[in-house]
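I opened this model to look up its fold, its helix packing and its ring contacts. My entries follow in the order I worked.

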Amino acid sequence: MNDSFPVDDNLRQSIITELKRKKLFWSYDLKPGEDIPDSLLLETVLIYGDLPELEGLKYLFSDSKIESEISYLLNLYPQFKKELTFAKHFLLQKR
């Protein structure tokens with residue numbers, strides 16, 4: 001894998017392809033060609049993603065959308081506090 005994803009129209013698909021390669025959607029019944037909802041993409045990257053996937057979120061979603069999803073996930077999955085806190089600091093640092 002590259003150290004980062006290209007910032008273009010294919011960014012979302014590049015991230016999804018990498019997550020599928022890592023088999024991170026194994027528990028979802030996704031049909032070939034089916035679009036991944038934003039909430040599922042955010043959840044998967046925020047909890048299991050590596051730095052390149054996290055970096056890609058900066059270009060796909062607003063800070064407020066990311067922050068809202070992190071808050072929601074912290075309440076839903078307190079066992080992932082460490083991962084979500086890291087993602088929050090990495091993604092929402094002042095640019």
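Entry 1, fold. I take helices as DSSP runs of H or I with at least four residues, and strands as runs of E with at least two, numbered from the N terminus. On that basis the elements run α-α-α-α-α from the N terminus. I count 5 helices and 0 strands. I note that the model is predicted.

The protein has 95 residues, and 35% of them count as buried. I looked up the accessible surface next: about 6200 Å², with 51% belonging to carbon and sulfur atoms. Then I took the contacts between residues at least 6 apart in sequence; 63% of these join residues at least 24 apart.

Which residues of α1 are buried? In this helix, residues 11-21, I find L11, I15, I16, E18 and L19. Looking down the axis of α1, I see these buried residues fall within an arc of 160°, so they line one face of the helix. I then asked what covers them. The cover includes α2 (38-48) and α3 (51-60). I also checked the backbone just after α1, where K23 takes a positive phi of about 60°.

Entry 4, aromatic pairs. How many aromatic pairs does the structure hold? I get 4. One of them joins Y77 and F80 edge-to-face, with 6.1 Å centre to centre and 80° between the planes. Y77 is partly exposed because its relative accessibility is 24%, and buried would need under 20%. F80 has a relative accessible area of 17%, so I list F80 as buried. Y77 and F80 also belong to one aromatic cluster with Y48.

Stacked or edge-to-face? I find F86 and F90 stacked, at 6.0 Å centre to centre and 15° between the planes. Both lie in helix α5 (residues 81-91), 4 residues apart, about one turn of the helix. An α-helix has 3.6 residues a turn, so residues three or four places apart point the same way. F90 has a relative accessible area of 19%, so F90 counts as buried.

The charged end of K58 sits over the F90 ring, 4.9 Å from its centre.

Methods:
Residues are numbered from 1 along each chain as its sequence is written. This is a predicted model: local features need pLDDT of at least 70, side-chain atom pairs count only at pLDDT 80 or more; totals for chains, interfaces and linings use all residues. Side-chain values use heavy atoms; hydrogens and water are left out. Rings of Phe, Tyr and Trp (its six-membered ring) pair if their centres lie within 6.5 Å; planes under 30 degrees apart count as stacked, over 60 as edge-to-face and the rest as tilted. Buried means under 20% relative accessible area, exposed over 50%, partly exposed in between (1.4 Å probe, protein chains only). A charge sits over a ring if NZ of Lys or CZ of Arg is within 6 Å of the ring centre and within 35 degrees of the ring normal. The arc is that of the directions from the helix axis to the C-beta atoms. Contact means heavy atoms within 4.5 Å. Accessible areas come from the Shrake-Rupley method with a 1.4 Å probe; for residues, only the protein chains shown count as cover.
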